[in-house]
Amino acid sequence: MNNQRPNLFVPALIGGAVAGALSSIPFFNCLCCIWIIGGSMLAAYLLVKDSSVVLSIGDGAIVGVLTGIVAAVVHSFIDIPLRPLMREFFQNMMKWAGEYMEEMPSTWEGWFEGGLSVFGFFLRLIASAIFFSILGALGGIIGISLFGRKTPPRTQGTSDVSQDTGDRQP
Amino acid sequence: MEIEKKAFFVYLFTLLGIVIWLGLIFLAPYLKSRSSELHVFIYALFSPLCHQLPSRSFFIFNYPLAVCARCLGIYFGFLAGAGLFPFIRKFSSLALPKTLTFVVVTFPVAVDFLGNFLRLWSTPNWLRFSTGLIWGTILPFYFIPGMIDLLLKLKRGKAALRIEVQSK
């Protein structure tokens, strides 16, 4: 009987890489923070698929936090080459919008100024890791709720954690 | 009783967190309008979370908010859901919403995104905000029980470790 806890890191790496990439790539990033939640749901799905024990929503939160950290790292590194391209794109878009809009904020040119220092990079990385972890935890919980087994299989072991993962109403 | 106390703490922490989160979103344009350099930090803080396209954002004090209309809707929805939470769920309950409920509230935001992404239509910001608001309302009903379970899990882990150390 195999009732060992599943490895959290592989699903977190896959989910985090997907979420981090999609939240950075222009046009795909229009779903903003939802990608991080989606990536964590993917990680939770992979975790459930490889697990022989019933997982709790707390397990989902843990894999979600890990996914968020991986996504923050991936996002930060993809962002480095894309940042100058995006700045140029936004500036052109605002110039185009200015031709059609009657009133544009007077100082919009200043919105896109400023580069990214090493300190700025690490600050953004830490901020991303914190925010993405929170959103990742949310995605992991939703993922376990949607994909998690409600009851343990007969031939396999059960975890020592609560089984409050199902579609239960009060 | 102790679980209820911990759950109430998680709830308060969540509520406080989302209020601060929303406060920062509105603080960014205010600080920019007052020529305070702190606005750069706040806009940068939210930039990994949101594309911050001015055309997709609401303006206040003549400047865009720190997140787009859809993200703002999600966060306001989260606040609304957190406000409703004690009236719908017991703090000690780890019950989660039904899968069907999640699918129903996700449908508008998914359709809106797909339509825009495939260039079938371009929805105005108030509609983006509304679909985000609907989706965001359900999120605390996952987040709060999840955090309570995580806290209990960590406590159980600590207790098990203590017993193991004592038995050695």
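Mentor: Residues are numbered from 1 along each chain as its sequence is written, chains are lettered from A and ligands numbered from 1 in the order in which they are written, and side-chain values use heavy atoms, with hydrogens and water left out.

Trainee: In what order do the elements of chain A run from the N terminus?

Mentor: Helices are DSSP runs of H or I with at least four residues, strands runs of E with at least two, and both are numbered from the N terminus. Chain A has four helices and zero strands. From the N terminus on, the order is therefore α-α-α-α.

Trainee: What is the mean pLDDT of chain A?

Mentor: The pLDDT is the predictor's confidence in each residue, on a scale from 0 to 100. In chain A, 62% of the residues reach 70 or more, and the mean is 75. Over residues 153-170 of chain A the pLDDT is below 50, although this stretch has 57 contacts (heavy atoms within 4.5 Å) beyond near neighbours in sequence. Where pLDDT is low, the predicted coordinates should not be read in detail; for chain A as a whole, the mean is 75.

Trainee: Is A:Ser40 buried or exposed?

Mentor: A:Ser40 sits in helix α2, residues 34-50 of chain A, and touches A:Gly64, A:Thr67, A:Gly136, A:Gly139 and A:Gly140, not counting residues up to four places away in sequence. Buried means under 20% relative accessible area, exposed over 50%, and partly exposed in between, with a 1.4 Å probe and protein chains only. Because its relative accessible area is 0%, A:Ser40 is buried.

Trainee: How far apart in space are A:Gly136 and A:Ile34, C-alpha to C-alpha?

Mentor: A:Gly136 is found in helix α4 of chain A and is buried, with a relative accessible area of 0%. Leaving aside neighbours within four places in sequence, A:Gly136 is in contact with A:Ile36, A:Ser40, A:Gly64 and A:Val65. A:Gly136 and A:Ile34 are 102 residues apart in sequence, and their C-alpha atoms are separated by 9.7 Å.

Trainee: Which helix supplies the largest share of the lining of the second largest pocket?

Mentor: The lining of the second largest pocket draws at least two residues from each of α4 (118-147) of chain A and α1 (2-33), α3 (69-88) and α6 (140-167) of chain B. The largest share, nine residues, comes from α1(B).

Technical notes
Predicted model: local features only at pLDDT ≥ 70, side-chain atom pairs only at ≥ 80, totals over all residues.
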